[in-house]
Amino acid sequence: MAAATVNEHLPTPLDATSEPPPLFDGTTRLYISLSCPFAQRTWITRNYKGLYDKIKVVPINLQNRPAWYKEKVYPENKVPSLEHNGKVIGESLDLIKYIDSNFEGPSLLPNDHAKKQFAEDLIAYTDTFNKTVYTSFKGDTVKEAGPAFDHLENALSKFEDGPFFLGHEFSLADVAYIPFVERFQIVFSALWNYDITAGRPKLAKWIEEVDKIDAYKPTKTDPKELVEFYKARFLAQ
């Protein structure tokens, strides 16, 4: 069961004109962008575990990012990153596991060995999934992206006891995929008039059930902004 949800008011994203927070003062900070799917993974994890008081979310404006972020926080100059115990770590898939194992709250990985291994395999496939779909934008999009969505449909058939990848329990496997599936569902519908859940009933049910999770709801991106972003980035001639 997810921890209780807090109706949180996030600060305005910090930009090049913003002063840095009091870095390495013992506060645990999760640096994100409100529209970045990689950062969204960590944001969902933090919310699901109820870490509203333990991990402070600090949004960064990626279009006009503050120089101190690269100089003093994270030399990679990307999001997400986590400032914790005097150090900063990054990479979203590493971070969701780190947050899950180093903080209190409901676990997002099961004890069951078979399910845990399946989750690890799915998490490892996310880069291939994303690459397949993003590459498809340059070609016969619907046809080329199809196998990636079929892979998820098949994975959702592995355990019969629920709508999520590991059955009835929401896990890091779901967290790893939902930010991207959220975007692809909106963009395929708007730009290619294609429903990614057509002929994929388990994927449809999965999206429906994840949409009900309170930890996920506030992390979603405005669909209109998403469509404009994808048009400009991938379809501009």
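**Aromatic contacts in a predicted model**

Let's start with a label from the record: an unreviewed UniProt entry annotates residues 85–234 as "domain: GST C-terminal". The structure you see is a predicted model.

Now let's turn to the aromatic rings. The model holds 26 aromatic pairs. One of them joins Phe137 and Phe188, whose ring centres are 5.9 Å apart with 55° between the planes, a tilted arrangement. Phe137 belongs to the loop between α4 (113–136) and α5 (141–155), whereas Phe188 is part of helix α6 (residues 172–192), so this pair ties together parts of the chain that are 51 residues apart in sequence. Both Phe137 and Phe188 are buried.

Phe137 also pairs with Trp192. Here the ring centres are 5.1 Å apart and the planes meet at 25°, so this pair counts as stacked; the cut-off for stacking is under 30 degrees. Once again distant parts of the chain are linked, with Phe137 in the loop between α4 and α5 and Trp192 in helix α6, 55 residues away.

Trp192, at 24%, counts as partly exposed, because buried means under 20%.

Finally, look for places where a charge meets a ring. The charged end of Lys115 sits over the ring of Phe159, 5.0 Å from the ring centre. Lys158, in turn, lies over the face of Phe118, 5.3 Å from the centre of that ring.

Terms used
Residues numbered from 1 in each chain as written. Predicted model: local features only at pLDDT ≥ 70, side-chain atom pairs only at ≥ 80, totals over all residues. Heavy atoms only, no water. UniProt positions renumbered as here; feature names shortened; annotations may be inferred. Phe/Tyr/Trp six-rings, centres within 6.5 Å; stacked < 30°, edge-to-face > 60°. Helix = DSSP H or I, 4+ residues; strand = E, 2+ residues; numbered from the N terminus. Buried < 20%, exposed > 50% of the residue type's maximum accessible area, 1.4 Å probe, protein only. Lys NZ or Arg CZ within 6 Å of the ring centre and 35° of its normal.
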